[in-house]
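Here is a friendly walk through one structure, with an eye on its surface and its strands. Please have a look at the model before reading on.

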Amino acid sequence: VTAAGRSPRDGRVVLGLDDGRALTAVVAFNLSYEESQRTVTPEVQREELVRLFDDPAVAQIAYRHDGNRRSAVAALSADGRLSIRVAERARSLMGAGRVQEALFDLTNQLQDPVTALALDDAVQHLVVGTASGQVQAWRVHGPHDMPERLPAFDVTPGAAGGVTALAFLLGDLSLAFGDENG
């Protein structure tokens, strides 16, 4: 395991592996009481193992599942490549629909090396921080369309230093970030 992330809505986690794959799982905690003693037993249900890169290890990873039908895993490889895997369950009148998925390589759209990444809870936006102090963003449409690159912006104009942390806040309406200068 070389990287880890989680989807806060539903207890799902993702583990980035040293061979370029990601493992998703659901973590639940079962409570039981025996003779007034509470026991908490963790249960891990493996969901799927997906390939993000052909060879290099996953260096950073972000994962979100909207709790309904859409999920995404975004990852940075050890050699600086950026990929996002988007999956969406089609709606069906006859129960669970078919899952459609696609893997998109965003590496050629990068202006600078990536130092941080985040996905929003609605699985609609991927943001990355760069070594030059910029934030780049993509609108994620689903498995049928390449994510749409949005305009980049400087985190701290005029300051030298890369972005070291990114997080969505307040229902994904705000983006918090930190840089190497504090």
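Phe-29, Leu-31, Tyr-33 and Val-40 make a nonpolar surface patch of about 460 Å² in this predicted model. Strand β3 (residues 21-34) supplies the largest share of the patch, 3 residues. Phe-29 has its place in β3, and this residue is exposed, with a relative accessible area of 56%.

Let us follow β3 to its partner. β2 and β3 run antiparallel and are joined by 5 bridges, with Leu-15 standing opposite Leu-23 in β3. On the other hand, β2 also pairs with strand β1 (residues 3-7), in the antiparallel sense and over 5 bridges; here Ser-7 has Arg-12 of β2 as its bridge partner.

| Hairpin | Residues between the strands | Turn glycine and its positive phi |
|---|---|---|
| β1 and β2 | 4 residues | Gly-11, about 80 degrees |
| β2 and β3 | 4 residues | Gly-20, about 90 degrees |

Which face of β2 is covered? In strand β2 (residues 12-16), Arg-12, Val-14 and Gly-16 form the covered face, while Val-13 and Leu-15 form the uncovered one.

Further along, there is an open sheet of 4 strands in the order β9-β10-β11-β12, paired antiparallel. Its edges are β9 (114-119) and β12 (148-154), each with a single partner strand, so one side of each has no neighbour in the sheet. On average, neighbouring strands of this sheet are turned by 20 degrees against each other, direction ignored. The partner of β12 is strand β11 (residues 134-139), paired with β12 in the antiparallel sense over 5 bridges, and Trp-138 stands opposite Arg-149 in β12.

Key. Residues are numbered from 1 along each chain as its sequence is written. This is a predicted model: local features need pLDDT of at least 70, side-chain atom pairs count only at pLDDT 80 or more; totals for chains, interfaces and linings use all residues. Side-chain values use heavy atoms; hydrogens and water are left out. Two strands pair if DSSP finds at least two bridges between them. Helices (H or I, at least four residues) and strands (E, at least two) are DSSP runs, numbered from the N terminus. Axes are lines fitted to C-alpha atoms, for helices over the stretch in contact, and angles run from 0 to 180 degrees between N-to-C directions. Patches are made of residues with over 30% relative accessible area and no salt bridge: like charges are joined within 9 Å, nonpolar side chains (Val, Leu, Ile, Met, Phe, Trp, Tyr) within 5 Å. Accessible areas come from the Shrake-Rupley method with a 1.4 Å probe; for residues, only the protein chains shown count as cover. A salt bridge is a side-chain nitrogen of Lys or Arg within 4 Å of a carboxyl oxygen of Asp or Glu. Buried means under 20% relative accessible area, exposed over 50%, partly exposed in between (1.4 Å probe, protein chains only).
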